Each structure stands twice: as C-alpha cells, then as structure tokens.
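Please look over the model below before reading on. The notes that follow are grouped by topic.

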Amino acid sequence: MLKKSSRRRQPAKPKVCRFCEAKINFLDFKDAETLKKFQTEKGKILPRRITGTCLDHQKMLATAIKRARIAALVF
C-alpha cells in the first residue's frame, strides 16, 4: 500500500475589501478598468468569496458592472 504524504494545509489569509481599505463610498460605472478586474474573460461577475469584497461594495460593484454593460463600456 502507498502511504500518503502528510502535508499540512496552511490557513488562508483573510481577504480584505480593497474598496473599504481605500475608503471608496461609490463605484462609478464609467471606470471600466476597475470593473474589468472583477469579471471573468467571458464577462461574468466574480463572487465575493473569490474577490474578497464586502457585501455593500459587492452590491455596488454588480450594479456598476450591469450599468457599464448597458452603456457598452464593459462586455
């Protein structure tokens, strides 16, 4: 029988909302470069568990991305 190696998994760093750190209160839909960082190549919005944004900023981010899609700034 093969013996499994006993590697221990390191605990993950707690993700911190980058918008809270920068004290950003409003996300503008015209800032396409920032919004592209929170989308996949296909244009789907990345979830909070991956990006580390807080609930309030994730809601603002989703709304801004949807508005940018309508204005054809982001695909």
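What radius of gyration does the protein chain have, and what would a compact globule of 75 residues have? The protein chain has 17 Å, while a compact globule of 75 residues would be near 11 Å. The model is a predicted one. It contains four helices and zero strands.

**Overall form**

- Along the sequence, the pattern of the protein chain reads α-α-α-α.
- Taken along the principal axes, the C-alpha atoms of the protein chain fill a box of roughly 60 × 30 × 15 Å.
- Buried residues make up 27% of the 75 residues of the protein chain.
- The protein chain has an accessible surface of about 6700 Å², and carbon and sulfur atoms hold 54% of that surface.
- Among contacts in the protein chain with a separation of 6 or more, 61% are between residues 24 or more positions apart.

**Helix H4**

- Helix H4 covers residues 55-70, which is 16 residues.
- At 1.5 Å a residue, helix H4 should span 22 Å, and its end C-alpha atoms lie 23 Å apart, so the two values agree.
- Which residues of H4 are buried? They are His57, Gln58, Leu61, Ala62, Ala64, Ile65 and Ala68.
- Seen down the axis of H4, these buried residues fall within an arc of 165°, and therefore they line one face of the helix.
- The packing partners of the buried residues of H4 are helix H1 (18-21), helix H2 (32-36) and helix H3 (48-51).
- Exposed residues Asp56, Lys59 and Ile70 sit on the face of H4 turned away from its buried side.

**Met60, a residue of H4**

- Met60 belongs to helix H4.
- Its relative accessible area is 25%, so Met60 is partly exposed; the cut-off for buried is under 20%.
- Leaving aside neighbours within four places in sequence, Met60 contacts Asn25, Phe26 and Leu27.
- Met60 and Phe26 are 34 residues apart along the chain, and their C-alpha atoms are separated by 7.3 Å.

- The loop between H3 and H4 holds Thr53.
- Is Thr53 buried or exposed? Thr53 is buried, at a relative accessible area of 4%.
- The side chain of Thr53 makes a polar contact of 2.6 Å with the side chain of Gln58, and Gln58 is one of the buried residues of H4.
- A polar contact of 3.3 Å also links the side chains of Thr53 and Thr51.
- Not counting residues up to four places away in sequence, Thr53 touches Cys17, Phe19, Phe38, Arg48 and Gln58.

**Gln39, in the loop between H2 and H3**

- Gln39 is located in the loop between H2 and H3.
- Gln39 counts as buried because its relative accessibility is 10%, with buried meaning under 20%.
- Where does the side chain of Gln39 reach? It reaches the backbone oxygen of Gly43 at 3.2 Å.
- Not counting residues up to four places away in sequence, Gln39 touches Lys44, Leu46, Ile65, Arg69, Val74 and Phe75.
- Of these, Ile65 is among the buried residues of H4.

**Residues with positive phi**

- Lys23, which is not a glycine, has a positive phi of about 55°.
- Lys23 lies in the loop between H1 and H2 and is exposed, with a relative accessible area of 70%.
- Ala72, a residue other than glycine, has a positive phi near 60°.
- Ala72 is in the segment after H4 and counts as partly exposed at 48% relative accessibility.

**Ala12, before the helices**

- Ala12 is found in the segment before H1.
- With a relative accessible area of 71%, Ala12 is exposed.
- The C-alpha atoms of Ala12 and Phe38 are separated by 20 Å, and the two residues are 26 apart along the chain.
- Phe38 is one of the residues that Thr53 touches.

How values were computed:
Residues are numbered from 1 along each chain as its sequence is written. This is a predicted model: local features need pLDDT of at least 70, side-chain atom pairs count only at pLDDT 80 or more; totals for chains, interfaces and linings use all residues. Side-chain values use heavy atoms; hydrogens and water are left out. Helices (H or I, at least four residues) and strands (E, at least two) are DSSP runs, numbered from the N terminus. The expected span of a helix is 1.5 Å times one less than its number of residues. Buried means under 20% relative accessible area, exposed over 50%, partly exposed in between (1.4 Å probe, protein chains only). The arc is that of the directions from the helix axis to the C-beta atoms. Contact means heavy atoms within 4.5 Å. The radius of gyration is taken over C-alpha atoms; the globule rule is 2.2 Å times the number of residues to the power 0.38. Accessible areas come from the Shrake-Rupley method with a 1.4 Å probe; for residues, only the protein chains shown count as cover. A polar contact is a pair of N or O atoms within 3.5 Å; within protein, one must be able to donate a hydrogen and the other to accept it, and residues adjacent in sequence count only if both atoms are side-chain atoms.
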